[in-house]
Structures are given as C-alpha cells and as structure tokens.
Amino acid sequence: MTIYTCVEDLRRAAQRKVPRMFYDYVAAGSYSESTMRANRADLEKIRFRQRVLLDVSKRDTSTTILGEKAGLPLILAPVGSAGMQRADGEILALRAASAAGVPYTLSTNSIVSMEALAETVAKPFWFQLYVMRERKHAEGLIERAIAAKCSALVLTVDLPVLGQRHIDIKNGLSVPVRIGLDNLLDMATKIEWGLGMLRTRHRNFGNLAGRITGVNTVDDVAEFNARQIDPALSWDDVAWVKSLWPGKLIIKGILDPEDARRAVDVGADALVVSNHGGRQLDGAPSTISALPAIAEAVGSEIEVLFDGGVRTGQDVMRAVALGARACLIGRAYAWGLGADGERGVANAIAFIKQELSITMALTGITSIADIDRSVLLDG
C-alpha cells in the first residue's frame, strides 16, 4: 500500500490516477497563472518565531466556525466536478469531512446532487451558489438547499465573467465540450478511475442536469452555465439572496477591504478572502497579502475565512495569525480524492491537522485562540 506523508504526495498520486483533463481542471489557474503561483509563494515567505522551554504538552486544534465546533480551523471548499476526480467524490469528501469534524461545501456544479448527498450522508453540509442571469434558477437552488437542510449558503461573487484557463480549452473542457481521442485513450489507462465511473450512477452535473428545461447532457450544462454567468450581478442581488436564505450566509470572493465592509453592511455572517484559487483575475494579489487589511477593516463584525494556496498546517497557522477564523482547501482535498478516495481526503485533513499541531508546539502555542501575529517573525 502506498504511504502518503503530505498533500504533495497526494497530488502526485492524483496526477497518475486521474484522467489528464480532470486533473488539469483542478490544478490549473487562469492565463499565465501568476496569481495562482503567488498564492503559494506568498504563504511560504511568512516565517514563524520558534519558541522553546514552554509547556506545549497539551495542544488543542479545535475551534468554532460560524458558532459550530470544528476539529480544526479548516473547511472543504466547493470544488466543481469533484465527482470526476473519483466516482461519487462529493459523497466521499463529505464522509471524510464529517469524520474529522470540519464543514464540507457542495458546489453548484457538483456531480452528486444536493438531494443525493443529503440522502447518503446524515451530516449537514454547506452549499455554494452562483446567482444566475435568470434569477428563478438561483431561487430554485436556494429552495432545494433549504429542503436538503444545508447549514450555510456560500455565495460566490467573483465570477461576473469566466477567467480563461488555457489548459481546459486545450483539453476540451470548453463550450461545447470536446472529448477527443487523446482524452479517451488517456481515460482508458486510468483503470481504477474507470471502474469507479462504471459502477456509479453519478456521471452528470446532478444539481442542474434534468432539473432545468432543456438541460440534460454535459454539453447542455456547459452551454447553460456559459449563458447564465451574469456580469450585472450587484450587491442588490446579495441582499435578495439573503432575503430568501434563512440560515448563515457566507460571501466568497472578497479581495478588497471596501468590498469586505459591504459584506458586513449587507448582513453576511462570514466572508471568504479568495481569488478563486487564481482561476479568475490573473494579476490579482495573493489572498494572504490581502488578508490583513480585510481582517482589520471588519474587525469582529464578521467572521473572516481564508482561501487560496493552503496545502499545510503551517499555511493554516499563517492565515489564522493574520486574522482568519478558518481556511478553505480545494485542490488539497481534490488531490486526496483522486489519489485514494475517501481515505485520501481523510489523509489530506489529517496531514494538515498534524502539521498545525506540531507548528503550534514549536511556536509555544497550545490553542487556536492564542494564535496571533506574535507567532510570526514579521508580526
């Protein structure tokens, strides 16, 4: 059995096991990928103050996120088409998240529908929403999320237009979808992946296909999504979503302090400092460089969550030290899915938790509440 020791091990395994077009879909950024690279590089530049001769024998990584207990300050982010990394991927990821005591977020563009997920796994999950050009479709998704007893709604707001990812176009993940002979041959070499796909009944976009008139096939969903991206989306629409949603509302895609203040004003319960994993505005700042000013701008009025480039427990500690309540991971757990299914996701979470605990010990910290800028050399 393969021994994994870190998220990078999972990434390498996923690259071997997942068809190239689906691996690349997760791994790629937009255009030159400069922002995606900056997310990692800027995190790695932040150094810790190593402390010694402090009693760190009892350490606790638990915290609360939106008032709910969590095993560590971590959330599984919405990842579109997670069920193409591994058959039933969304179900497997939720199971692993539930076992670890951290929230899981289902994407609008998931393969497993929210209803199927709710039927299969008893643990409540968060649902991520894109507000579509035809508002009735977004309203229908909100109603279904309420019926599925989703515990929070994550409204993604940084997609008024789609940032181009060159590799997706080359791989045929475009409108219309193009599955070429090279892709089919590549899929044929991924035996474990293919057997899983043959066994599952979840092979389309479960939240959309068959639920909207004229939207049934993968091509239909791709064309529908392209048509429904709305460049007119505004803060008035956020207020409209809040009027329909009775639970916790999280706004994802904030990079500017002024927008963070607007999130407070509209009554959101949390915001996510995010540049969509470097998949939208190439040339935007890294999220860790944007985090301190946003955290300062909103203070304790709203929970600040962090997304972008998190691969290790050290990254989580860096973000918490600079004002985040918790971090979202997307690629890290998607690679776990591709590498080893539910066990791979559980490994990704466990690696980050262990790294966080060890980093706390070596900086003289015993609880998440005690992490602040004083643990950083430039704090």
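A pocket is an open set of points on a 1 Å grid over the protein atoms alone, with protein on both sides within 12 Å along at least five of seven lines. A volume is the space filled by probe spheres set on the points, which are joined across faces, edges and corners.

This is a predicted model: local features need pLDDT of at least 70, side-chain atom pairs count only at pLDDT 80 or more, and totals for chains, interfaces and linings use all residues. Residues are numbered from 1 along each chain as its sequence is written, and side-chain values use heavy atoms, without hydrogens and water.

Select Val157, Asp158, Pro160, Gly253 and Asp259. Of the 18 residues lining the second largest pocket, these lie nearest its centre. Lining residues have an atom within 4 Å of a point.

Next, select the largest cavity's lining: Lys17, Gln85, Arg86, Glu192, Trp193 and Gly338. In a cavity, a 1.4 Å probe fits but cannot get out. About 40 Å³ of space lies in this largest cavity.

Now the cysteines. How many disulfides are there? The count is 0, where a disulfide is a pair of cysteine sulfur atoms within 2.5 Å. Select Cys6: the nearest cysteine sulfur, that of Cys327, is 18 Å away. Is Cys327 buried or exposed? Cys327 is buried, at 0% relative accessibility. Cys6, at 23%, is partly exposed. Buried means under 20% relative accessible area, exposed over 50%, and partly exposed in between (1.4 Å probe, protein chains only).
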